[in-house]
Amino acid sequence: MTEAQAKASLGRRAIPKDWDRGGLPGWTYFSEELHQLERQRVFRNRWQYVCHVSEIARPGQFVTLDIANERGLVLRGNDGVLRAFHNLCRHRGSRVLADERGTCKRAIVCPYHGWIYNTDGSLRGIPCAESFPELPAAEWGLKPIELDVWLGFVFIRFCPGPQPGVHDIMRPHLEEVSQYRTNELVPAEEGTISEEMPVNWKSVRDVDNEGYHVRQAHPGLHDLYGENYVDEPPVGWTSRSVGGFNTHPGKIWSVRHYRRILPEPAWLDEFHRNAWIYIGMFPNFVLGLYPDSVMYYQEIPLSATRTVQRGAVYRYPDESRAMRLARYLSGRIDRIASDEDRMLAIWSSEAVKSSGFSGVIYSDLEYGLRSFHDHLRSIIPEMGHEREPAPGSLLRHEAHVASADR
């Protein structure tokens, strides 16, 4: 993307004249039955971000991910190949790797009964093997799951799904993201940060999917790029938001000093040296592209009313002292905005249970929410019902569909 194209995108407003400005019905934000349905239809069969390749660069290094009652692991084999598996021992289903990340020296040893797997997932040995019937090693290795690596970012998918590969989904953003040397990134010193919130995961996405609230709710972000912020109409399963820096240097201390200290990265064109870009991939992943660093955040639903948001910042290995200081200041601006968003998500989630709640009305500046909700309704049509379906009906229907598919 050229500087001229990037600037032109700031004014783009391809939004229908007459569109339904209502949101999802309130019951969809606290229904446990719907949450169970979302696990399968929204999360298990769509791509989930795990880590950056730099976090599993050496043989034996691994990272695990738990989501939607699934347990996955990504492991760099002793042969140098990256693979993904269900984090389930084939004997009794124990986790074979208990930690979120680490290194296997030569093999994977299940902590329950000591079954041993090679780093390519194949079965290596069974204690007291004579007490079992014959178990061919080729058939009793760890179960593989889909893996896709895009520009250094590692994704897995637990079940086959309707989405194409990550490369195809993110193709509209390939040229832009490639500017940021993402394959070279390394984790910042903070590592992965996670926070649990007493809200439905969709409440978090609803806050994040529109910039209408930036002026009022995020003084820091508004001071940095509020004059030029735009949420572009989504493309396919992705979205893009652009915050070109304001012309003034900033009134807030952290913004003013960030703008003053920030070096000009030679690998970025002039526009991207002065902008924060956000690329979203349905359902729950956002990539933040800054002149000083790259970050991500992702929602992990625990229940209908509990969500963990996790994220991390990646820096450049040749980071200068000035760039490191700029990254500290951008992180400070971001952390304050995250705290502000957390409260907004809680308030929005509380509102749907109030007797005074009668739905919402969206501005053109919130069209991204409509697109997000349309994706959800296309996957689970029942989410369009104003009244919550009778208890058990959602799961009975899902069981009937699954039975028919078999």
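Here is what to select, stop by stop.

Before we start: this is a predicted model, where local features need pLDDT of at least 70, side-chain atom pairs count only at pLDDT 80 or more, and totals for chains, interfaces and linings use all residues. Residues are numbered from 1 along each chain as its sequence is written, and side-chain values use heavy atoms, with hydrogens and water left out.

**Stop 1: Phe 62.** Select Phe 62 in strand S2 (residues 61-67); strands here are DSSP E runs of at least two residues, helices are H or I runs of at least four, and both are numbered from the N terminus. Is Phe 62 buried or exposed? Phe 62 counts as buried because its relative accessibility is 5% (buried means under 20% relative accessible area, exposed over 50%, partly exposed in between, with a 1.4 Å probe and protein chains only). Beyond neighbours within four places in sequence, Phe 62 is in contact with residues including Val 74, Leu 97 and Cys 104 (contact means heavy atoms within 4.5 Å).

**Stop 2: the largest nonpolar core.** Next, select Val 42, Val 74, Ile 156 and Leu 376, the residues with the most contacts inside the 34-residue largest nonpolar core. Such a core is a set of buried Ala, Val, Leu, Ile, Met, Phe, Trp, Tyr and Cys residues joined through side-chain atoms within 4.5 Å. Helix H2 (32-44) and helix H10 are among the elements that each supply at least two of its residues, and H2 gives the largest share, four. A second, separate core of 27 residues includes Val 177, Leu 185, Phe 271 and Tyr 316.

**Stop 3: the second largest pocket.** Select Asp 206, Ser 348, Val 360, Tyr 362 and Leu 369, which of the 22 lining residues are the closest to the centre of this pocket. The pocket holds about 480 Å³ of space. Which helix supplies the largest share of the lining? That's H9, with four residues. By class, the lining has twelve nonpolar, seven polar and three charged residues.

**Pocket terms.** On a 1 Å grid over the protein atoms alone, a pocket is an open set of points with protein on both sides within 12 Å along at least five of seven lines, and lining residues have an atom within 4 Å of a point. Grid points are joined across faces, edges and corners, and a volume is the space filled by probe spheres set on the points. Ala, Val, Leu, Ile, Met, Phe, Trp, Tyr, Cys and Pro count as nonpolar, Asp, Glu, Lys and Arg as charged, and the others as polar.

Methods. 1 Å grid on protein atoms, 1.4 Å probe; cavity = no way out; pocket = protein on both sides within 12 Å on 5 of 7 lines; lining within 4 Å.
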